[in-house]
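This report describes the packing of selected elements and the surroundings of a ligand. The sequence and the structure are shown first.

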Amino acid sequence: MDFVMKNTYNDNCILQKNTICSNLDLVQKCIDILINNGTCQESLKIVNFGCAHGRSSQPTLTTMISKYLKKHPHNEIMVYQNDLPTNNFSLLLSEIQGNPQSYIYLSPNVYTMCIGQSFYQQTLPNNTVHIAMGFNCFHWGTPSKILPEGSITMAHKRSKFPKYIKECQNDLLSNVLNRSKELANGGIFIMNLLTDDKESFKDTLDFYVAVKLIWIKMYEECIISKEEAEEMALPWRYYSLGDIKHILKDQKIKNSGMKLKSYEFRQNRCPYEPLIQSHGLEYFAEKFVSAFHAFSEPTFKSILKCDDAKKEQIWEIYNQHLYNLCLKNPSICRIPNNYYITIFEKIEINIE
Ligand SMILES: C[S@@+](CC[C@H](N)C(=O)[O-])C[C@H]1O[C@@H](n2cnc3c(N)ncnc32)[C@H](O)[C@@H]1O
């Protein structure tokens, strides 16, 4: 499966950017904790996981860096931008250089490096980072062997699939343990984790089920195979509070020094819904479909087992079906973000 974002991601990430901007209060809190515990007196090192093409993380980075510079105006700041090796890092670097509001223009002492490596591995040397952050990315799971039938996301029938829950917990454990190695003592890890815990998840699910039905219809019309239709699912983890609490009991987490400082359930409305009123149905459908394609198209296309020309033909048909769904049933076409936002602190541990 191909997890990359489309090249249009920066222009279609309002949903993700809104989520980030709704959490700037906690981002500020992270810098306060660091400044208070004296962890980054010499310099500040930040790693931004799942950075994609960078525009949505600009508000977080400018908030953190401006706050830090008030206290340490001449210190050096290093930003490590992480994503999979398949990410288009050229687009990321163009955004960072080309955006006049970019974090790099806050001081001549701000530097950027790219790391093309999975966040399910250690990505930086031991004890080197002060802030690890990851927004809208840690729901992308490791490859799964479990795909509940009729599922557009693997969370579809979560409670009936104990193996799915185990996979979620293993991914979360791996994520937090890898961060524990990279973080210096006193370092902070802030992330949001999509959740299916709350009643409002139904809104998200209704849309994904409707998308799945499009792929099934395309199988019935002999446009794609049964296997392809069955495989059409985004390889996502939805974490429950139970999963978060479960990993905290793991001895490896206890030995790692990672302490959960805070967690909170938050949600953001789908930003495209108001366009129906303000700009009309067609404009809404266009924007909504572009936003959904920006993060789902490469994954769906990688499931199709045919040459590129054929893929484009199939995609055109799917695209038309999705657009029509938006026109006929706009109330189902929304992707609200429901998530837990968690802050971990790495504390020094003495193992005798
Ligand atoms: C929806 S984008 C989020 C981008 C940005 N953080 C935001 O909030 O808009 C998710 C990103 O996570 C990346 N990603 C998925 N799995 C990953 C992994 N195992 N390691 C590193 N990055 C990963 C994807 O390539 C993608 O760029």
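## Helix 6 and helix 12

Ala210, Ile214 and Met218 of helix 6 are in contact with Ile317, Tyr318, His321, Leu322 and Leu325 of helix 12, two residues being in contact if their C-beta atoms, placed from the backbone, lie within 7 Å. The residues of this contact comprise seven nonpolar, one polar and no charged; Ala, Val, Leu, Ile, Met, Phe, Trp, Tyr, Cys and Pro count as nonpolar, Asp, Glu, Lys and Arg as charged, and the others, Gly among them, as polar.

The axes of helix 6 (residues 201-220) and helix 12 (residues 308-328) come within 10 Å and cross at roughly 135° (axes are lines fitted to C-alpha atoms, for helices over the stretch in contact, and angles run from 0 to 180 degrees between N-to-C directions). Helix 6 is therefore oblique to helix 12, where angles under 35 degrees count as roughly parallel, over 145 as roughly antiparallel, 65 to 115 as roughly perpendicular and the rest as oblique.

## Model and overall form

The model is predicted: local features need pLDDT of at least 70 and side-chain atom pairs count only at pLDDT 80 or more, while totals for chains, interfaces and linings use all residues. Residues are numbered from 1 along each chain as its sequence is written.

The protein contains twelve helices and seven strands, taken as DSSP runs numbered from the N terminus (helices H or I, at least four residues; strands E, at least two). Its radius of gyration is 21 Å, close to the 20 Å that the globule rule gives for 352 residues, so the protein is as compact as a globular protein of that length. The radius is taken over C-alpha atoms, and the rule is 2.2 Å times the number of residues to the power 0.38. Along its principal axes the C-alpha trace spans about 65 × 45 × 40 Å.

## Helix 5 and helix 8

Helix 5 (residues 162-182) packs against helix 8 (residues 241-248) at an angle of about 55°, with the axes 10 Å apart. The two helices are therefore oblique to each other, and helix 5 passes helix 8 in a right-handed crossing.

Cys168, Gln169, Leu172, Leu173 and Val176 in helix 5 meet Asp243, His246 and Ile247 in helix 8. By class, this contact has five nonpolar, two polar and one charged residues.

## Ligand shell

Of the 23 residues around the ligand, Gln16, Gly50, Ala52, Ser56 and Trp140 come nearest (a residue is near if its C-beta atom, placed from the backbone, lies within 6 Å). Helix 1 (14-21) and strand 2 (76-83) are the elements that give two or more residues to this shell. The shell has 14 nonpolar, eight polar and one charged residues.

Terms used: Left-handed = near helix turned anticlockwise from the far one by under 90°.
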